[in-house]
Amino acid sequence: MYRYDEFDHAFVKSRVDQFRDQVERRLSGELAEDAFKPLRLMNGVYLQLHAYMLRVAIPYGTLNARQMRMLAHIARKYDRGYGHFTTRQNIQYNWPKLSDTPDILHELASVEMHALQTSGNCIRNVTADHFAGAAADEVADPRPYAEILRQWSSVHPEFSYLPRKFKIAVTGAERDRAAIQVHDIGLHMKKNDKGEIGFAVYVGGGQGRTPMIAKKLRDFLPEEDLLSYITAIMRVYNLHGRRDNKYKARIKILVHETGTEELARQVDEEFAHLRNGELKLPEADVQAITAYFAAPDLQARAEGWESLARWKKADPAFARWVDQNVQPHQHPDYGMVTISLKPIGGIPGDATDAQMDIVADIAEEYALDEIRISHEQNIILPHVALADLEPVYRALAEAGLATANAGLITDIIACPGLDYCALANARSIPVSQEISTRFGSPERQAEIGELKIKISGCINACGHHHVGHIGLLGVEKKGAELYQITLGGSGDENTSIGEIIGRGFEPEKVTDAIETIVDTYIGLRLSKEETFLEAYRRVGQQPFKDALYGSAAEAA
């Protein structure tokens, strides 16, 4: 993984010192909240319903055991003993004191972490496939390019005050696990006939109030042109993006109103001035960054296959966990382990300080000191020998981290909702807990198969409900919480926006509605191999409407 150089260390330290002075002036009353707000947001500090919240960056979701232990330490010393991992591969602390935030940032800097650009109208944390560098289906590791984009975009003088926040995602496999088509810019790595690396470039995706799927501007952008072309896109957006209406300020609105062809023309015109200039990526620089992400030296462990078969036969719970939470690795003797942060009836994405410490210990002993955070709010150990899966499982089980539900109905994505967020209209956490409890039995989950539920407490869609196979959006109606259901969404290489199924449901009726949807799916699927999404795309929404409302008319 990338290591700070002298510039990085000096830069982050200076920002911590600067923010310490700003906090002291705010606490003394010298700085009013209106003046302080943009300064704290530049350093990842929000003011939520009950307290300040600090969002810490985990660039492209990659960290090591030392950094994970620091996150545990922050939770223990400055918060209430836990952290919340987010859909942007970051971590949030919900209860820090404002007076403590400079000390927190100082301690984070000691392990090469920070909170820069986790808020504000700037380029946010660049996200990537959480299996990067390990996945069997990978064309190339996207993290070196995510790091190049991070360095280029950090406090970029031209793009620090954009019309609105800006999000970039990169994937290096045909299977899109980074949801690139619902980002402002999505990059899909490819190789051409000559074996050269390039990118399919998608622009104008997003969720929120106006969900849109990104449009492809380039099918193959050469590696050397990455920064030049991204800069051209950013300049067109910075010039023409709406600043008079924040609801129309995202680049997706510009793409929609300008049209893909015209936008591509404007970008190409700007790109023509930048191409072959100072932003052209030198091969030596790409290789230098790539060297930080060199594949680990994985030793052959052929004995793992025999041991794994024996352990699975002896322990059905272990077998379920391996089948559901361990994915194929590039090396046949290894696997990629998903540590579910979705215990049955638990809060999605939360991890205690003790659990973070245990993950750090396991990563050091069994996973070559590599840890990833997924946009699905889980933790990944990307390199685990099959021969070590049994002791890893035992350690995780003791910590309450061995739930075998990755990709299943209880692997729910949820935002903090009205329990924490000042923008929310409804609670996400209690609804997710009730659904998880209802469908928690291993047998029930196995019967249902792959099904992604995603919950947002407001239209900002931090829970990614638009791309859930089943999406739930909390709204407020006449002072009461109501949940709108969408079906058929997906954030993979075949991205789709979920369709609103009908009128909303009261909190106490949501789980029953989900059960009706699930039972309808099981009744109409052609075989157990036909997933919920496949079945929905085959039959459409009408059977589900009829099951939920009795008739199409009642759903209006």
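Here are legends for a few views of a predicted protein model.

**About the model.** Residues are counted from 1 along each chain as its sequence is written, and side-chain values rest on heavy atoms, with hydrogens and water left out. Since this is a predicted model, local features need pLDDT of at least 70 and side-chain atom pairs count only at pLDDT 80 or more, while totals for chains, interfaces and linings use all residues.

**View 1. The whole fold.** You're looking at 18 helices and 20 strands; these are DSSP runs numbered from the N terminus, with helices being H or I of at least four residues and strands being E of at least two. The radius of gyration is 23 Å, close to the 24 Å from the globule rule for 556 residues, so the protein is as compact as a globular protein of that length. (That radius is taken over C-alpha atoms, and the rule is 2.2 Å times the number of residues to the power 0.38.) Along the principal axes, the C-alpha atoms fill a box of roughly 60 × 60 × 60 Å. Of the 556 residues, 60% count as buried, where buried means under 20% relative accessible area, exposed over 50%, and partly exposed in between (1.4 Å probe, protein chains only).

View 2. How many disulfides does the structure hold? The count is 0. A disulfide is a covalent bond between the sulfur atoms of two cysteines; here the cut-off is a pair of cysteine sulfur atoms within 2.5 Å. Take C122: its closest cysteine sulfur, in C462, is 15 Å away, which is too far for a bond. C458 has its closest cysteine sulfur in C421, but at 5.8 Å that is also too far for a bond. Both residues are tucked away from the surface: C122 counts as buried at 7% relative accessibility, and C458 counts as buried at 9%.

**View 3. A positive phi at Q117.** Most residues other than glycine have a negative phi. Q117 is not a glycine, yet has a positive phi of about 60°. Look for Q117 in the loop between helix 4 (101-109) and strand 6 (127-128). Is Q117 buried or exposed? With 13% relative accessibility, Q117 counts as buried.

**View 4. A positive phi at L368.** Here's another residue other than glycine with a positive phi: L368, near 55°. This one sits in the loop that runs between helix 12 (353-366) and strand 14 (371-373). L368 has 43% relative accessibility, so the label is partly exposed.
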